[in-house]
Amino acid sequence: MTADIRVIRAGQMYRYYLRETVVGDGRRPARTSLRAAQEQAGVPVGRWMGRGLGALGLAPGEEVTEAQLRNLFGERGRHPYADRIEADRLAQGDSPKKAYRAGALGRRVTVTGVDFVFRPQPSIYLLWAFGDEETRLVIEAAHERAIVRVLEWIEDEVAVIRYGKDGIYRVRPPGGLVAARFRHYEARSGRPLLHDHLLLSVKGQRLDGRWGSIHTTALYENTVAASALYNELMAAEVCEELGLATEPRTVTEGRRPVMEIAGVPHGLIRWTALRSDQIATCLSELEHEYVTAVDDDGEPKYLPVVSERARTKLNTIAARKTRPRKKGKARSLGQLRADWKASAIRTSGVPADVISSLLAYARAAAAAIKARVAAVVDIALAALDVTATVFVMNEGGRFHRRHLLAEARRHLALVLRGRRRDPGLDDQVVAAAISAHCLDITEPKTIRGLEAGYRLYTARWSLSDLPARRPPGPEPEPDRQPPTDSGEPAAHLPPGQDAGEWDVPRIPLQYDRAVLAGAVLREQLHTTTAAVRGRAYDVVAHQQAAMPEQLLAPEPADPEHDDQEDEPGRRGALDLTALRALRDSRTDVEALDLTAERLRHLQDAFTAAADRAHTTMDRYTPRADAKTPHPGRRDGQQAHRPQEPGPHRGRDAGH
């Protein structure tokens with residue numbers, strides 16, 4: 001996700017932002033003014049933005065001062081010019097208490113704002129780091145406009161002010177919101193990372209002129225949709241201004257692909273992922289400790305199967321354990337860009353001429369794609385694909401409109417490959433999904449449940465035939481033997497794990513199941529609806545012939561040799577190849593070119609993977625006659641002890 005969110009509280013957290021975040025994640029020297037510290041750090045000054053600035057006497061683009069930050073975020077939500085207002089009231093003869101209240105924006109609050117962090121895709125900020133001055137300015141301008149557009153969407157569609165008993169009344173802030181934007185140029189690892197911190201104040205003005213507080217939960221709930229909108233807008237403007245195109249790339253097997261600029265070498269992106277490599281190495285060690293941890297009696301603490309929820313917790317621990325210290329001496333942007341290029345040429349493994357002419361390579365790749373690939377958006381098929389993905393990836397198959405909106409924006413980014421779209425196309429896809437494929441299961445107990453954004457949906461159709469869960473069968477013997485070899489290539493072994501020792505089993509990831517669900521439904525659709533099938537396959541014939549080689553789906557099996565048996569150990573490899581092709585071609589019309597035989601192979605692969613994982617879990621699951629039943633978890637990760645994963649707990653784990 002390229003838009004992160006973090007709450008800002010008055011007190012110690014605000015002082016952290018004032019000491020480090022607003023000066024480029026550096027260390028602000030003591031008794032140094034904010035402007036001087038930003039100049040020493042080599043970062044630009046903060047700027048005000050948002051439609052609510054007029055009510056506070058501020059203007060968009062105006063410089064953010066330390067006193068304004070302290071009043072709005074550090075003093076529990078006071079007016080940015082509270083000091084001046086209080087001094088004027090005292091001069092007019094008001095009491096100190098009344099003068100202090102005159103500078104307040106409604107009630108005092110503890111949570112004074114939220115910090116949105118916007119960063120473009122790695123391929124975009126690599127072009128920003130290695131390109132010429134014109135390229136840098138184009139990307140920065142697109143970055144700023146995308147942030148402005150996302151803030152406008154939050155003001156119009158997301159932000160609400162709660163008031164009344166228990167916050168029963170909700171209203172949009174008609175005057176808009178107030179935010180301070182601060183730009184950073186590099187990551188903690190010292191590699192290039194263009195990103196902005198948007199400190200959004202929770203204070204908003206109602207129609208009656210009173211000041212209230214923005215409901216921060218609504219901001220958290222719509223972070224993914226905001227991130228998808230930023231990614232889409234950023235990529236579309238950069239591609240249009242520089243003549244580029246995007247393509248889907250898989251960063252982590254089993255996870256959602258990301259849209260990157262075509263032509264930027266993957267090795268160069270890996271060069272920027274120094275922190276990701278450190279986290280991945282630590283995560284492998286934590287997973288190995290997790291599945292091999294035993295208590296004082298030698299009994300395993302946890303079932304040796306890493307679920308998605310357990311992996312997420314372990315990934316958080318790994319990120320905290322490997323977090324580097326703050327950067328040292330500040331450097332100007334020009335010096336940073338020169339150092340980045342020299343370091344990339346020396347250590348990335350990418351030829352120097354490619355790095356020096358990165359924009360030219362990206363334009364050549366984009367020209368080849370645009371000349372042969374026509375992006376076609378079919379709202380009916382997009383609605384089906386979006387609904388299937390959201391249904392599988394949300395626990396229990398229950399979701400809200402914001403989940404559909406975020407997935408619709410991701411889907412359009414996949415289909416359009418960097419082209420601009422009509423502003424309301426994502427809403428059209430969501431409306432089609434709700435009307436055609438979603439069932440409203442809302443049982444409102446409050447006024448909030450009646451709001452359109454909080455209505456609860458599920459899919460109208462059933463996906464019970466998908467291999468998301470293992471069908472019931474005879475319980476295996478608890479012999480605790482490693483699972484048999486599936487014939488797939490051996491994965492990377494964690495440190496300390498001997499060759500031949502069995503890998504950490506994992507349940508098939510939700511996104512893989514979501515891709516398969518969409519493929520099954522599209523297969524049913526194109527076999528039962530002649531009109532859609534005829535129109536879509538005309539486009540498929542064009543697109544499959546025009547796709548770059550790395551995005552082409554595998555050719556269907558030869559009918560004359562279809563009755564031949566597969567080679568031993570070959571089925572798994574074929575299924576993985578088909579799954580990768582399905583992920584890469586997952587657009588409105590491309591993915592219809594998936595035969596029923598390939599779908600059957602994919603389902604067999606998922607069933608086999610689920611069987612291996614659940615068999616391992618069953619071996620460690622206590623029987624009914626056990627003396628002490630062990631508690632279960634909602635995600636199916638039953639624990640033998642209620643502790644946190646592995647031996648890393650408390651402060652040692654980074655909490």
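**Close-up views of a predicted model**

**View 1. Contact of helices H16 and H17.** In H16, residues Ala 382, Asp 385, Val 386, Thr 387, Thr 389 and Val 390 meet His 403, Leu 404, Glu 407, Ala 408 and His 411 of H17 (contact: heavy atoms within 4.5 Å; helices: DSSP runs of H or I, at least four residues, numbered from the N terminus). The residues of this contact of H16 with H17 comprise five nonpolar, four polar and two charged (nonpolar: Ala, Val, Leu, Ile, Met, Phe, Trp, Tyr, Cys and Pro; charged: Asp, Glu, Lys and Arg; polar: the others, Gly among them). The model is predicted: local features need pLDDT of at least 70, side-chain atom pairs count only at pLDDT 80 or more, and totals for chains, interfaces and linings use all residues. Residues are numbered from 1 along each chain as its sequence is written, and side-chain values use heavy atoms, with hydrogens and water left out.

**View 2. Arg 337 in helix H13.** Arg 337 lies in H13 (residues 333–347). Its relative accessibility is 13%, so Arg 337 counts as buried (under 20% relative accessible area; 1.4 Å probe, protein chains only). Leaving aside residues up to four places away in sequence, Arg 337 touches Trp 128, Ala 129, Phe 130, Gly 131, Asp 132, Glu 133 and Arg 136.

**View 3. Open four-strand sheet.** The strand order is S5-S4-S9-S8, with antiparallel pairing (strands: DSSP runs of E, at least two residues; pairing: at least two DSSP bridges between two strands). S5 (169–171) and S8 (203–205) are at the edges, each with a single partner strand, so one side of each lacks a neighbour in the sheet. S8 and S9 (residues 211–214) pair over three bridges in the antiparallel sense. Gly 204 stands opposite Gly 212 in S9.

Conventions. Buried means under 20% relative accessible area, exposed over 50%, partly exposed in between (1.4 Å probe, protein chains only).
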